[in-house]
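Subject: Structure handover

Hi,

Here is the structure we talked about. Please open it alongside this message; my notes follow below.

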Amino acid sequence: MKLILRFILLFPLILVNGVSRAQLDFSDYFTGERFRYDFVLAGNFEELRVYPLSQKREPHWAGSKKSLVDTMGYGTYRYRVMDDSTGKVIFSRGFCTLAQEWQTTAEAKRSEKAFYQALFFPFPKQKVRLSVDSRNWQGEFVPVFETVVDPADYFIIRDKPEEYEVFTVLGNGLPDTHVDLVFLAEGYTAGEKEKFVMDAARMCENIMNVSPFRENRDKFNIQAVWTPSQEGGTDIPGENIYRNTRFNSTFYTFDVARYLTTSDMRTIYDAVSGVPWDHLLVLVNSERYGGGGFYNFLTVCTAGHALTPKVLVHELGHAFAGLGDEYYDSEVAYENYYNLAVEPWEPNLTTLVDFASKWKHLVPDSIPVPTPRTPEYLTVTGVFEGGGYLSKGIFSPMQNCRMKSNGPEEFCSACKRAILAAIEWHTR
Ligand SMILES: [Zn+2]
């Protein structure tokens, strides 16, 4: 009896301690609103610098109130929020940008360029320090910027959010315990609202048809924001086609025909300032093949190509779970993208420098490392040379995957595991 009583008394204490050690109490540090820090990231191939623009208070923090400090360590950049009085890190996120990709192009060696960016975190109750770090060639984060944010500062803009019609495509529950994906209409004219809503519903099914999104459908909310454009379609500079569209999306990013992106982040963020979101997807009204995806930043995809379902899920793999490209035979604009002497941060690529930190536990003992790309090993998890735009020195988890080509419907085992971890991270 005594033993049982002791167990009952101890158990809740252990649990409470375990939870308090692992997590911060959201309400100690943050309100339920969202803080937005706008800046320009500008420079050349050697260095990008942060130039502050504005600070803003927006109505909804849609992210988890438990997953505050990043535990994954992905991204070419990260930002951290520190309590100013104690120095304690109370929020952090890794992310990727178009700016950093541009740095690895030939253009960056002969010119300078600026990119609009914003960082988001729950609105702080007290003064905080915000730092931005970028990854160096050795893969380590080095500081590039630090500032103090005072929530009482009257220069923090408290504008009424822009109002757009918002359609619920998939509704499962509260934003903080669900993954909130938001589609924005790009290149749809005023008369094409119905088409956009139907396209967004189709995109939702394209995502939810693929594992592990499929088994976790009930953990997602998907909304569609109706942001009509002056003209339909998008820019195709290589063919002298220019369209006046809401978010200025364009093919031929870094002069790669299929690479569809937008750098008009200010317009995008303003359009969703009143909407709870975790990940933004710009849906482009075009039948051309293409898209782009950036970790914790943005997904862009056309709605009308036969391969759209596959492109969308591939780009979302980058944006949502930090997955790297497993292909090594397509044209890209990058030069020296990976340092083969260090382990890449992407969960589905390895240089074998620190393979134990990746999917080693998913590889059966009977599988040779590296694993030959032969029919014998077609469906197994192994370590296959080729990935990350290189045929030598970088290895992928399976011979094929949604992150490699438009053949397979599904992700490889390592990619699935990373997506599952991201879903769990958002829905705690
Ligand atoms: Zn994969």
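A residue is called buried if 20 or more other C-beta atoms lie within 10 Å of its own, exposed if 12 or fewer do, and partly exposed in between, with C-beta atoms placed from the backbone. Helices (H or I, at least four residues) and strands (E, at least two) are DSSP runs, numbered from the N terminus.

Two points on the source. This is a predicted model: local features need pLDDT of at least 70, side-chain atom pairs count only at pLDDT 80 or more, and totals for chains, interfaces and linings use all residues. Residues are numbered from 1 along each chain as its sequence is written.

Overall picture

The protein has 7 helices and 15 strands. Its radius of gyration is 22 Å, close to the 22 Å that the globule rule gives for 428 residues, so it is as compact as a globular protein of that length. (The radius is taken over C-alpha atoms; the rule is 2.2 Å times the number of residues to the power 0.38.) Along the principal axes, the C-alpha atoms fill a box of roughly 75 × 60 × 45 Å. Of the 428 residues, 42% are buried. Two residues are in contact if their C-beta atoms, placed from the backbone, lie within 7 Å. Among contacts between residues at least 6 apart in sequence, 64% join residues at least 24 apart.

Helix H6

Start with H6, residues 308-321. This helix has 14 residues and reaches 19 Å from its first C-alpha to its last, close to the expected 20 Å. (The expected span is 1.5 Å times one less than the number of residues.) H6 is largely enclosed by the rest of the structure, because 12 of its 14 residues are buried. Which ones are buried? They are Thr308, Val311, Leu312, Val313, His314, Glu315, Leu316, Gly317, His318, Ala319, Phe320 and Ala321. Their cover includes helices H4 (193-208) and H7 (413-427). It also includes strands E11 (279-284), E12 (291-294) and E13 (298-302). Just after H6, Gly322 takes a positive phi of about 70°.

Domains

The division is into domain 1 (26-149), domain 2 (165-321) and domain 3 (326-340 + 347-352 + 366-428). These bounds come from an automatic or database domain assignment. The C-alpha centres of domain 2 and domain 3 lie 25 Å apart. Their contact takes 19 residues from domain 2 and 18 residues from domain 3. On the side of domain 2 that touches domain 3, H6 gives the most, with 6 residues. That side has 9 nonpolar, 6 polar and 4 charged residues. (Ala, Val, Leu, Ile, Met, Phe, Trp, Tyr, Cys and Pro count as nonpolar, Asp, Glu, Lys and Arg as charged, and the others, Gly among them, as polar.)

Hairpins

Two strands pair if DSSP finds at least two bridges between them. E1 (residues 30-43) and E2 (residues 48-58) pair in the antiparallel sense over 10 bridges. They form a hairpin with 4 residues between them. Gly43 has Leu48 in E2 as its bridge partner.

E3 (residues 77-83) and E4 are also antiparallel, over 6 bridges. Arg78 has Gly94 in E4 as its bridge partner. This hairpin has 5 residues between the strands, and Gly87 takes a positive phi near 80° in it. E4 (residues 89-95) has 5 of its 7 residues buried, so it is largely enclosed by the rest of the structure.

Backbone points to check

Most residues other than glycine have a negative phi, and most peptide bonds are trans.

- Ser211 and Pro212 are joined by a cis peptide bond, with omega about 5°. Pro212 lies in the loop between H4 and strand E10 (220-226).
- Val369 to Pro370 is cis too, with omega near -5°. Pro370 sits in the loop between H6 and E14.
- Tyr252 is not a glycine, yet has a positive phi of about 65°. Tyr252 is in the loop between E10 and helix H5 (265-271). With 17 other C-beta atoms within 10 Å, Tyr252 is partly exposed.
- Tyr389 is not a glycine either, and has a positive phi of about 70°. Its place is the loop between E14 and strand E15 (390-396). With 20 C-beta neighbours inside 10 Å, Tyr389 counts as buried.

Best wishes
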